[in-house]
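Please work through the exercises below with the sequence and the model open beside you.

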Amino acid sequence: MLSQTMQEALNKQVMLEASSSQAYLAMASWAEIQPGMDNVAEYFYMQSEEERIHMLKLMRFINERGGYALVPALAQPIVTFKSLKNMFESFLQHEVEVSNSINELVDLTLKEKDYATHNFLQWYVSEQIEEEKSARILNDKLELIGEDKSGLYLFDRDILNTRNQSEKA
Ligand code: FEO
């Protein structure tokens, strides 16, 4: 059975995952209207779906453990970006924020001796390592590419492979 504090903290995480899904959906849509960024758009459409799965997994767990998972109200995410690089920086920042939040949740499970939730959250801990890694790799690539058009062409061409590799890892 979840404590009230734990239930509230997990519901906050539901909101963060839902906001991530919305933020990445906005990135997908923005990328889709930029010339030649079709795979980048696809990448963020998939990323948005994944965040929704993270949210659902949490909601099901909260209800299963005797709590009540609340569907959150969401603010509109950032919908325009100065550049592709700027969008990917925002992606990384977002993932770092999610990781910090997961770490705080893990901390709380230890304080409360809630080992079931502790065990459940380990999946998120591993997932965040992968997500942050992918976001950093993509940011490093963009840093190298700068304004080089052929580099950006290759970046878009290869981005879905990066995703598949990190999923296999
Ligand atoms: Fe579910 Fe990318 O955090």
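The exercises that follow concern helix packing and some individual residues in a predicted model.

**Exercise 1. Determine how helix 2 and helix 3 are oriented to each other, and describe the residues of their contact.**

Step 1. Take the axes of helix 2, residues 38-64, and helix 3, residues 84-112, which come within 13 Å and cross at roughly 20°.

Step 2. Angles under 35 degrees count as roughly parallel, and helix 2 and helix 3 are therefore roughly parallel to each other. The crossing of these two helices is left-handed.

Step 3. On the side of helix 2 the contact is made by V40, Y43, F44, Q47 and E51, while helix 3 contributes L84, M87, F88, F91 and E95. Sorted by class, the residues of this contact comprise seven nonpolar, one polar and two charged.

**Exercise 2. Decide whether helix 2 and helix 4 are roughly parallel or roughly antiparallel, and list the residues through which they touch.**

Step 1. Helix 4 spans residues 115-145, and helix 2 packs with helix 4 at an angle of about 170°, the axes being 12 Å apart.

Step 2. Since angles over 145 degrees count as roughly antiparallel, helix 2 and helix 4 are therefore roughly antiparallel to each other.

Step 3. Helix 2 makes this contact through Y43, Q47, E50, E51, H54, K57, L58 and F61, and helix 4 through A116, T117, F120, W123, Y124, E127, E131, S134 and L138. The classes represented in the contact of helix 2 with helix 4 are eight nonpolar, four polar and five charged residues.

**Exercise 3. Characterise the packing of helix 3 with helix 4.**

Step 1. The axes of helix 3 and helix 4 come within 9 Å and cross at roughly 160°, which makes helix 3 roughly antiparallel to helix 4.

Step 2. The crossing of helix 3 and helix 4 is left-handed, and the residues of their contact divide into 17 nonpolar, six polar and seven charged.

**Exercise 4. Locate T109, and determine whether T109 is buried or exposed and what T109 touches.**

Step 1. T109 has its place in helix 3, and because its relative accessibility is 0%, T109 counts as buried.

Step 2. Without counting residues up to four places away in sequence, T109 touches M6, D114, T117, H118 and L121.

Step 3. For a sense of distance, T109 and P35 are 74 residues apart in sequence and 46 Å apart in space, C-alpha to C-alpha.

Definitions and conventions: Residues are numbered from 1 along each chain as its sequence is written. This is a predicted model: local features need pLDDT of at least 70, side-chain atom pairs count only at pLDDT 80 or more; totals for chains, interfaces and linings use all residues. Side-chain values use heavy atoms; hydrogens and water are left out. Axes are lines fitted to C-alpha atoms, for helices over the stretch in contact, and angles run from 0 to 180 degrees between N-to-C directions. Helices (H or I, at least four residues) and strands (E, at least two) are DSSP runs, numbered from the N terminus. Angles under 35 degrees count as roughly parallel, over 145 as roughly antiparallel, 65 to 115 as roughly perpendicular and the rest as oblique. A crossing is left-handed if the near helix is turned anticlockwise from the far one by less than a right angle, and right-handed if clockwise. Contact means heavy atoms within 4.5 Å. Ala, Val, Leu, Ile, Met, Phe, Trp, Tyr, Cys and Pro count as nonpolar, Asp, Glu, Lys and Arg as charged, and the others, Gly among them, as polar. Buried means under 20% relative accessible area, exposed over 50%, partly exposed in between (1.4 Å probe, protein chains only).
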